[in-house]
Structure formats: C-alpha cells, structure tokens
Amino acid sequence: MASNRWEWFHRWGSPKWYYQKSSVWTPWLAVLSVVLLGTGLVWGLAFAPEDVKQGNSYRIIFLHVPAAFLALAGYYIMAIAGAIGLIWRMKLSFIAMRAAAPLGALLTFISLFTGAVWGKPTWGTYWVWDARITSMLILFFLYLGVIVLTDAFVRKDSGDKAGAILALVGTVNIPIIYKSVDWWNSLHQPATIKLTSAPSMDASMWYPLLLCILGMYAFYFFLLLRSIRTRVVEQDKSKAWVKEIL
Amino acid sequence: MTIWHYFLRDLKLYFRNASELTTPLIFFLIAIAMFPLGVSPESALLRPISFGLVWVVALFCMQFSLDTLYRDDFSSGALEQLVQHEVPLAVIAISRTLVYWVCFGVPIAIMAPVLGLMLAMESSGFGVLSLTLLVGTMGMASIGAIGSALTVSLKKGSVVMTLIVLPMFVPFLIFGSGAVNAAITGANVSPPLTALVGITVLALSICPPAIAASIKMSVENG
C-alpha cells in the first residue's frame, strides 16, 4: 500500500515520535563522535609527524578543516530542512532549520578564527583577503542573515517560511559567490598563497584528518539532534506528552 | 487590468512622490563626496579606487531605496489585493522590479561617470562604468526585491533587509567593478561583463517566484 511506503516519512511529523527516537540515537552519536574525534585529535596532535615547512603550527588543521567542512555542509542541511518544511509543511523540519543556523554560524566562525590563528605563523598575518577566507566570511554573513530574519518575526510560522525562502535563495547564490570571489582573487593578487597547490598530504597526516572530519560530522549531528530536541520540548511544553516526561 | 496597467500605475506612483525618488540619488552624491574628505583630496590616491567607490556606494544606494518597493502597498492593503489578482504575483513582481530599476538603476548609471569624474577616475572607464551599473542594478533590484518582500511586514524591516541583501550583492560588485578595472587597465572587458550579464539574467529569471512566495508570507503575517 502506498500509505505504508511513506509511513517512515510521515512519522517525522510527530514531535513526540522524534523525541522518543532521538533519545535512542543521540547517545550513539555521542559515543561515535567521542571515539572518532578523540582518536583523530590525539593521533593528529601528538603522534602525526611534524610538517617540514610549517613545523607544529600546521596541527590546527585537525580542527580547522573539519569545522570548515561542516560549516559548508551545514548551510545545505539548513536549506534542505527549510525546503522540506515549505513543501510538506512539516514543523519539525523548520525546527531543524532554525537549529542548524546558529550551529553553522558557529562552525563558520571557528573555521575563520582557527584560520586566522594558523595564518599568523604561516603567512605572517592574521587576515589575508584570500578567496577561501573571503568566501567563508560571506557564508558567515549569510548564516547571520537567516538567524536575524527568522528571529525578527513574532509569529513563528512566518519566521519559518521567511528563513526557508532566504536559505533556498542562498543555496543558489553560494556557488555564484564562490566562483566570483575566486575570479576576483585571481585578478587582484595572483598566486600569493601556494598552500592549496602544495603536494598532497602524507598518509600519516591524512588518516587522522579523515577521522577528525568524520568525528566532526557525528558531533554536528549529535548537537543538531540535541538542539532540535530542546526546541521540540519548548514548542510543545503545554502538550500532554511533554508534561508526562517532565 | 493587464500587466501593462500595473507597470504604468507603479511608474506613476513613483513619479508622484518626487522626494522618495530623489532622496537615494542625493545620498549617492553626498556619500561619494565624503570620501575625498575622509581619505585625501589627492587625485593620485583617489584615482585607483574611484570606480570601486562608485560601485560600492551605488550598492548602498540600491539597498537604501529598496524599502520603497512594497512598503506603501503593504500598509495601504494594496498588496493583499495583488495576491488575489488574476495576474500571477510573480509577473507583477517582475513589472514592479523593472519600474524600480527605471526609477533608481537608470539614474544611478547616468550619475556614475560624473561622480567618477569628481574622484579623478580615468575617463576611459566611464562608458563601462555606466554600462555595468545599468546591467548590475537590474540584477541587484530583483535580488533586493526578495529582501524587501521578506521584511516588509516587520517594523524594523529595513535594518534586517540590509543584512540579508548585501552579501548577495557580492557577485555583482565583483564583476561590475572588475569590468571597469579591465577597461581602464586595457585588459579584456568581455569576461567580467558577460558574467555580470549572465548573473543578472539568472537573477531576473529565478527571483520572481521567490518574491511572490515572500509577498504571500508577508501578507499572511499581517
């Protein structure tokens, strides 16, 4: 039956179902992220070999790159959640969008901050108008825009819709912004930073980095699911099922 | 009523309210005049940054005037009527965007070389400066219209709008001022110029449904 085929999807419309299921999932995600991130960070920070050119300062990569990965992926997760909310009018999906916005902004900030800290010993300055840094900065602005817009509405469902529309417009815009910034950078300061074209990483550095990236994914989804849980409880605080739990 | 009636109605409304029409353009002039005062009157210092300044201030000027797009129609309730109308909202949105471009984009493009002249800009770039602003303001108007429609029901909407619209103007700024830079340095103008035309056409074709959805959301929000 067609209704059965879609049942798994319709279940997501129930906050109560989500609350019960996520209390099973989140501990697993927590364990997974501790194992992956813990192993990756200890391996990367303590056991991976020193870089020939950059010495120990390169080790911030084990935090910088995973944060940047999730900062980018987070925007699309936010936008897809918003789109699902717009199309199927699913409340939980809008809650996921609202939860993903500050999380993504925080990760973008972390990757910008760690990049600046890394830049000082490597390039001799905290800030360079490099194509990637500039794109990340604009991504940070796009996140802030979604947060500010959704919070500006007193009526929740209006804020949900407005945020989803803006996030979707942003997804079309992001590749264009990236390409234009790339072009702009090649125009204004040709080949200042050769870091990206350096010979590929050695396996002894690459494996811990991969672990850190996977661990960051697990940690991201752990935080996202936790944040959605809190928001679900807050939204349904007058409903019977929440009163039963609390 | 056909779409042509709407176009003429919106144009008439803009021209009846002369101060609304001229204020952003006066802002354009005053803001440019601040730079020599703040930076330096030396033409050697102003010349290399002149066209970039004109483009950036044109950007601010655009988002400054975006509030005029839907604010009056929202407070008078006309926007609710437009949502109900037989002409699709997206089509009305295109027409309104074009009217807005005629009222602000075209004057900005005409004023730009004069302001460039005041900043000691290389005269070989005047034509391209006007052309890029003429094209770029149309694309920025259609993206800005989304921001305007999203925030029109908010009390402090214009501040929020600035925040969401400016980052999206980045590609226009880059390709626009990049094309002028190419014209002045004698490089090939066509790559940045075609990119600018391309993103403008893309914005014009993708934005109307988003504007329509935003207007519906704002009307529902009341």
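Most residues other than glycine have a negative phi. A second residue of this kind occurs in chain A, where A:Arg89 has a positive phi of about 50° although it is not a glycine either. A:Arg89 has its place in the loop between H4 and H5 of chain A and, with 13 C-beta neighbours inside 10 Å, likewise counts as partly exposed. A positive phi, near 85°, is also found at B:Gly186, the residue that follows H10(B).

The confidence of the prediction was considered for each chain and for the model as a whole. The model scores ipTM 0.91 and pTM 0.91. Chain B averages a pLDDT of 92, and 100% of its residues score at least 70; within this chain, confidence is lowest in helix H1 (residues 3–16), at a mean of 88, and highest in helix H8 (residues 126–151), at 96. Chain A averages a pLDDT of 87, with 93% of the residues scoring at least 70. In chain A, pLDDT stays under 50 over residues 190–194, a stretch for which the model has two contacts beyond four places in sequence. Where pLDDT is low, the predicted coordinates should not be read in detail.

Chain B contains 11 helices and zero strands, so that, read along the sequence, its pattern is α-α-α-α-α-α-α-α-α-α-α. The radius of gyration of chain B is 18 Å, close to the 17 Å that the globule rule gives for 222 residues, and the chain is therefore as compact as a globular protein of that length. Taken along the principal axes, the C-alpha atoms of chain B fill a box of roughly 55 × 35 × 30 Å. Buried residues make up 50% of the 222 residues in the chain, and among the contacts of chain B with a separation of 6 or more, 81% are accounted for by residues 24 or more positions apart.

Within chain B, helix H10 (residues 170–185) has 16 residues and reaches 22 Å from its first C-alpha to its last, close to the 22 Å expected at 1.5 Å a residue. H10(B) is mostly covered, since 14 of its 16 residues are buried.

In chain A, helix H3 (residues 15–47) has 33 residues and reaches 44 Å from its first C-alpha to its last, close to the 48 Å expected at 1.5 Å a residue. H3(A) bends by about 35° at A:Ser22. The buried residues of H3(A) are A:Pro15, A:Tyr18, A:Leu29, A:Ser33, A:Leu36, A:Leu37, A:Gly40 and A:Gly44, and what covers them includes helix H4 (61–88), helix H5 (91–123) and helix H8 (203–235) of chain A.

Helix H4 of chain A also holds A:Ala71, which is buried because 24 other C-beta atoms lie within 10 Å, where 20 or more are required. Not counting residues up to four places away in sequence, A:Ala71 touches A:Gly104, A:Leu107, A:Thr108, A:Ser111 and A:Leu139. A:Leu139 lies 68 residues from A:Ala71 along the chain, yet the C-alpha atoms of the two residues are separated by 8.5 Å.

Between the two chains, 25 residues of chain A are in contact with 21 residues of chain B. On the side of chain A that touches chain B, the elements that give two or more residues are helix H6 (131–152) and helix H7 (156–188) of chain A, and the largest share, 15 residues, comes from H7(A). The residues of this side of chain A divide into 19 nonpolar, four polar and two charged.

Note on methods. Residues are numbered from 1 along each chain as its sequence is written. Chains are lettered from A and ligands numbered from 1 in the order in which they are written. This is a predicted model: local features need pLDDT of at least 70, side-chain atom pairs count only at pLDDT 80 or more; totals for chains, interfaces and linings use all residues. pLDDT is the predictor's confidence in each residue, from 0 to 100. Two residues are in contact if their C-beta atoms, placed from the backbone, lie within 7 Å. Helices (H or I, at least four residues) and strands (E, at least two) are DSSP runs, numbered from the N terminus. The radius of gyration is taken over C-alpha atoms; the globule rule is 2.2 Å times the number of residues to the power 0.38. A residue is buried if 20 or more other C-beta atoms lie within 10 Å of its own, exposed if 12 or fewer, and partly exposed in between; C-beta atoms are placed from the backbone. The expected span of a helix is 1.5 Å times one less than its number of residues. The bend at a residue is the angle between axes fitted to the seven residues ending there and the seven starting there. Ala, Val, Leu, Ile, Met, Phe, Trp, Tyr, Cys and Pro count as nonpolar, Asp, Glu, Lys and Arg as charged, and the others, Gly among them, as polar.
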